[in-house]
Amino acid sequence: MSKQFDVIGKRFPRKDAPAKATGQAQFVDDMVFPDMLWGAILQSPHAHARVLNVDTSKAQALPGVKAVITAKDVPGTKYGVSPARYDETVFAIDKVRYVGDEIAAVAAVDLETALEAVSLIEVEYEPLPALLTPQEALAEGAPWIHDEFPGNIGGEVHQEFGDVEKALAQCDIIRTDTFQSKRQDGGAIEPHAAIAVYDLDGRLTLHSATQVPHYVQRTLAMVTGLPISKVRVIKPYVGGGFGPKSEATPLDLCSSFLAMATGRPVKMLYTREQVFLHGRARHGYFHEMTLGVKKDGTLLALKNRCVMDGGAYSSFGIATVYYAGSLLGAPYKLPNMKYDGVRVYTNKPACGAQRGHGGVHARALFEQQLDLIAEELGMDPVELRLKNIMETGDVTCNDLAMSSLGMKECIEAVRDGSSWKNKRGKLPPGKGIGMASGFFVSGAGYPIYRSETYHSTVNLKVQEDGGGVEVLTAAAEIGQGAETMVATITAEALGVNYNDVHVQSGSTDFGVDLGAYSSRTTLMTGHAAKLAAEDAKQQILAELAAELEIDVSRLDIKRGEVIISGEPVDITPIRTMYIKEHRGWNNMPEGDNLTFREASRLAFLRKGSITGSGAYKPPPLGGKFKGAAVGTSPAYGCSAQVVEVTVDMETGQVFVDKVTDAHDCGQAINLTQVEGQMEGSVSMGLGEGLFEQVKFDAEGRVENPSLGDYRIPTIMDIPNIQSLVIESGEPNGPFGAKEVGEGGIMPTIPALLNAVRNAVGVQVSELPLIPENMLLGIQALKKK
Amino acid sequence: MSKHQITLMVNGLERELLVEPNRTLTQVLREDLRLTGTKHGCGIGDCGCCTVLMDGQAVNSCLLLAFEAVGHEITTIEGLADGNRLHPLQDSFIELGAIQCGFCSPGMILSSKALLANNPSPTEEEIRMGLSGNLCRCTGYQKIVEAVHDAAQKMKGASS
Amino acid sequence: MLLPRFEYYQPSDLGEACQVLAELGDSAAILAGGTDLLVNLKTRKASPEHLVALSGLDQLKEINNGGGSLRLGSGVTAGILADGPDTLSSLTALIQGAASLGSPQIRNRATVGGNLCSARSAADLIPPLLVLGAKLVLASSKGEREVDLNDFLLSGARTILAPGELLTAIKLKAPAAGSGSAFIKLGQRRAMEIARVNAATSIALAGDGKTIQSARVALGAVAPRAILSQKAAQLLKGQTASEELFAQAGQAAVEDASPRTCHEFKCEVVSVLTRRCLMQSWQQARGQAS
């Protein structure tokens, strides 16, 4: 499929790789501004407490301190992620709800002074009972963490599609299993950072390590009260996001208010410890699922109950609690599905969106159940999947339409690529092979706030001379390759060479882009880029046609040259004029065809600067039921993985020997980048499965707020990953493309757990699978 | 706490600085010398993105007082390329997709350089051991291993 | 993360170092590789007013061998040990312990002296040096003294190092023919781990190549300090080597671990690691038997 493209589907190097390889790429902490101040935040040491009094006088008196702000100095406007759940204020007004909750902020001439000033702020607290688990928070008589949310229920979902009880009655095999995962972290290597600049025009510019400049801009405008025309957010290079950088942070807000208070730029960073205190990462999930099938393996019904530990604020949680149910609607035909989910407030850092958003651990249990059922039926797990998979054109019971779905191709690719048939059932004790599948949205069907807004706009300008193209997009390049994708699609759609396209991104000045979340950028921003490029191309060809006095349908641009079909046309007048304009220059265009350089120059001379504009929003999607929006998308990526493990049965250590991964991304825009996203997803899934867990002590403090104690995989822990790219050609995607960045994590944990069960016979119901827990499981099985 | 005048040898240049004893090498490189390619990810040696070479060996600059770097040759990522000519490791990292967000890349590339200087033909296991002090969350390490292997081939070819 | 404020001294010889340390007493911390100290400073677990750097004392980096004994300067890094230079090639447990420590970057700075003086129960160089019978040379302005490593360590990450005293060298006897040692560490990840349990063993075989003349088993992270398991050593002495014997020694080692520190999982693993470590030591000992 890639053969018909000139730029798409190749392995061009990333646009930003040279800057990153040489240390020239600027991240927020690399930036300094004249007269810059350093900010620091006072955070609550209590998990739950009333704030009786805040005395900042000693802090204010410290030499070098330029501003100290608390709740009384900033609007009490509530904000958050979803307007239906705005439950945060910049600073605690009457109480603090987790260890880390923000009470005050300081700007000073250097970081040391700012930190000292923070230590001089005196706060009177009245500690309240801290609710550290969903059980504690849901218990009778538990205090309410938020007055507006009785019983600490932040979100509750009850959905039924079809008739589950009736369907279960027809099932030959029904099994019920539970699964408990723990709160986890994104583990981005760059901690959050922000620099706010408030200039003499009254304009606020926030430089932030964010995935979502657009949403941050809106939050800032809403909370500061500044007109949105005076608020802009610029995202420089970002060192990874994975979800926890998808909302306005206390750094974004405090630095802005401090910049406004002092009239000077204010830089604020999180230490690694503070990254953990901030959270906004993977919820902890408890799932109980009942799955019913017929004896020939046909899936009939699923009951899914979920209790989520949400932390002290909503963040993305209202969407997450829906996703934990809706993301099981595919990729198998499942006509009856019931979901009851609840997200519980607890006195810990808020949980938010993290790669795979709500679907990861639901998938982990579901795919394990499929394996267990396959075993009971005496069926190969691969065969059970193949028997039930949906096809392109199918619609799930919860109204998610699979406009393309290369699920079969993915499963067969990993089955063959891993030599599954030679290994499954033939490995010695302690060695195992397991598989799983998954799918994910290519961008949420609706923006987070109710609006008819376009999801992405892209504007480009063709250089008046030289044939280069400047593309402006507010899209967020966070390492996933957004700029490279935009350049590639623009080049393909316009017909120019990759090297002639330059992308500027990440600033709200450039347009609207909802940001890098829900795996949307390739499909949505890519669409807008394609439209912008086609717009510019049409304008240039129209001018060329008029100049040459031929019909525009005879003209095309390919690989930087103008292709004219039909009878030969004399291009010398245009070339002669171009050369005359560049008398004395070397490097003049030659060859039989007009170059894009000449054509675009001509268009400028006739019309003025050529700008192309594109805007994309999905059509209305999904069903009419409550929460139908969550899970909708113009397209769905899907994948399958095979994981091979060796379990040391005496120590409980699990070593992953190999991963075979196949992902249907519709059409790879850049093969290397698609593989890179696949491999990164696998690595993160293995980390979450084997090592990762944010731990709390009895006072609600994070016990392991470091990358030594919160263990993301090292290079020694990840095996070779074989990445197989499947291209089903998505009709709703630009050039057939759809997502890869988040869907790639879906099969990993269940494939790992299924491999472990194959190796040692233990069904793993709790993550992470640290050696201790593995050994306990092995011994428990021995005793039976 | 008094400032001392020290001379650091960084990327082949002598740099004179006035520095307090409690400044780490990471801070001095990034703030005083404005060499921001060396990153700050954790400050306590857990992530490796502050890695620099000291006399050719990889060290965490966040755990090194600037004072302790006196008398040694420090190489940062900015010192790797020769003007516009990138080091083979940089070329391979770029070409083979071993860079995504780029935050771990300077440290990763420098650790790779130290590895290859010591062991010009590493096995895959040796590559992984050599880079075991550099965390990456984006790539899954697959293309990093391939890039180091590729660069090793290029460097051996060039020197033969 | 910012370091707290301190004054910095870099003595240029041992005499000066001991003098400065004596003068400053408790208000000074010794800066060797810094990979432990700087973390403690940044996390505010320690805030000494003075740092006394050993970077000016080149003699601490020397490795000398001769007459059947080895002298390691306390400033020798784990990286040098991990490389297994010729002079140390028979000290397998020490090489393996050093290679497992931290990360390559940490190993290039962390010193053997620093690891010993941290006295952490999970320290990776302590069990190997215990089974290799290390003696430590402690220097002060009053002179020098030698102590067994086993007597040097106290519980709770403390040592018998007196104020004004500096660990300058580690003395080891070159292992005799027909002996072997090994070290195994158990963590979660395969790199950058602090041991959940680690074990080192050494075996010296008698002339017949089968009878264990003597053996040592050392365990880390299962008691308030790293320990030598006397029960395991006694069980092994004079017996015919076999995997079954080593399994019994593993069980005996568990008994020497502290119940408070060593809950069920750790105890399981102690016994497994001890057995495996003894097997490796035995293999090496047989390989070298004349």
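Predicted model: local features only at pLDDT ≥ 70, side-chain atom pairs only at ≥ 80, totals over all residues.
**Exercise 1. The build of chain C**

Task: Decide how the radius of gyration of chain C stands against that of a compact globule with 290 residues, and describe the chain around that value.

Solution. Step 1: Chain C contains 11 helices and 14 strands, and along the principal axes its C-alpha atoms fill a box of roughly 55 × 45 × 30 Å.

Step 1: A compact globule with 290 residues would have a radius of gyration near 19 Å, and since chain C has 19 Å, the two agree.

Step 2: Of the 290 residues in chain C, 56% are buried, and among the contacts between residues at least 6 apart in sequence, 66% join residues at least 24 apart.

**Exercise 2. The build of chain B**

Task: Give the order of helices and strands in chain B, and work out from its radius of gyration how compact the chain is.

Solution. Step 1: Chain B has five helices and five strands, which from the N terminus on follow the order β-β-α-β-β-β-α-α-α-α.

Step 1: The globule rule gives 15 Å for 160 residues, and the radius of gyration of chain B, at 16 Å, is close to this, so chain B is as compact as a globular protein of that length.

Step 2: The C-alpha trace of chain B spans about 50 × 35 × 25 Å along its principal axes, and 64% of its 160 residues count as buried. Of the contacts in chain B with a separation of 6 or more, 57% are between residues 24 or more positions apart.

**Exercise 3. Strand E13 of chain A and its partners**

Task: Determine how far strand E13 (residues 284-293) of chain A is covered, and trace its pairing with strand E8 (residues 173-180) and with strand E14 (residues 299-311) of chain A.

Solution. Step 1: Seven of the 10 residues of E13(A) are buried, and the strand is therefore described as mostly covered.

Step 1: With E8(A), strand E13(A) pairs in the antiparallel sense over eight bridges; in this pairing A:Phe179 stands opposite A:His287 in E13(A).

Step 2: E13(A) is also joined to E14(A), again antiparallel, by 10 bridges, and here A:Tyr285 stands opposite A:Met308 in E14(A).

Step 3: E13(A) and E14(A) form a hairpin with five residues between the strands, in which A:Gly297 takes a positive phi near 95°.

**Exercise 4. Two domains of chain A in contact**

Task: Describe the contact between domain 1 and domain 3 of chain A, and find which element gives the most to the side of domain 1.

Solution. Step 1: Chain A is divided into domain 1 (2-24 + 454-616), domain 2 (31-128 + 190-239 + 245-278) and domain 3 (284-390 + 399-446 + 623-783). Between the centres of domain 1 and domain 3 of chain A, taken over C-alpha atoms, lie 39 Å.

Step 1: In the contact, 25 residues of domain 1 of chain A meet 26 residues of domain 3 of chain A.

Step 2: On the side of domain 1, the elements that give two or more residues are helix H14 (482-494) and helix H15 (521-548) of chain A, and H15(A) gives the most, with six residues.

Step 3: By class, this side of domain 1 has seven nonpolar, 12 polar and six charged residues.

**Exercise 5. The two interfaces of chain B**

Task: For the contact of chain A with chain B and that of chain B with chain C, state how many residues take part and which element supplies the largest share of the side described.

Solution. Step 1: Chain A brings 45 residues and chain B 41 residues to their contact. Helix H1 (17-21), helix H18 (671-690) and strand E25 (720-726) of chain A each supply at least two residues of the side of chain A, and the largest share, nine residues, comes from H18(A).

Step 1: By class, the side of chain A that touches chain B has 19 nonpolar, 17 polar and nine charged residues.

Step 2: The contact between chain B and chain C takes 23 residues from chain B and 22 residues from chain C. On the side of chain B, strand E4 (residues 57-60) of chain B supplies the largest share, four residues, and by class this side has nine nonpolar, 12 polar and two charged residues.

Notes
Residues numbered from 1 in each chain as written. Chains lettered and ligands numbered in written order. Domains from an automatic or database assignment. Contact = placed C-beta atoms within 7 Å. Nonpolar A, V, L, I, M, F, W, Y, C, P; charged D, E, K, R; others polar. Rg over C-alpha atoms; globule rule 2.2 N^0.38 Å. Buried ≥ 20, exposed ≤ 12 C-beta atoms within 10 Å, placed from the backbone. Pairing = 2+ DSSP bridges.
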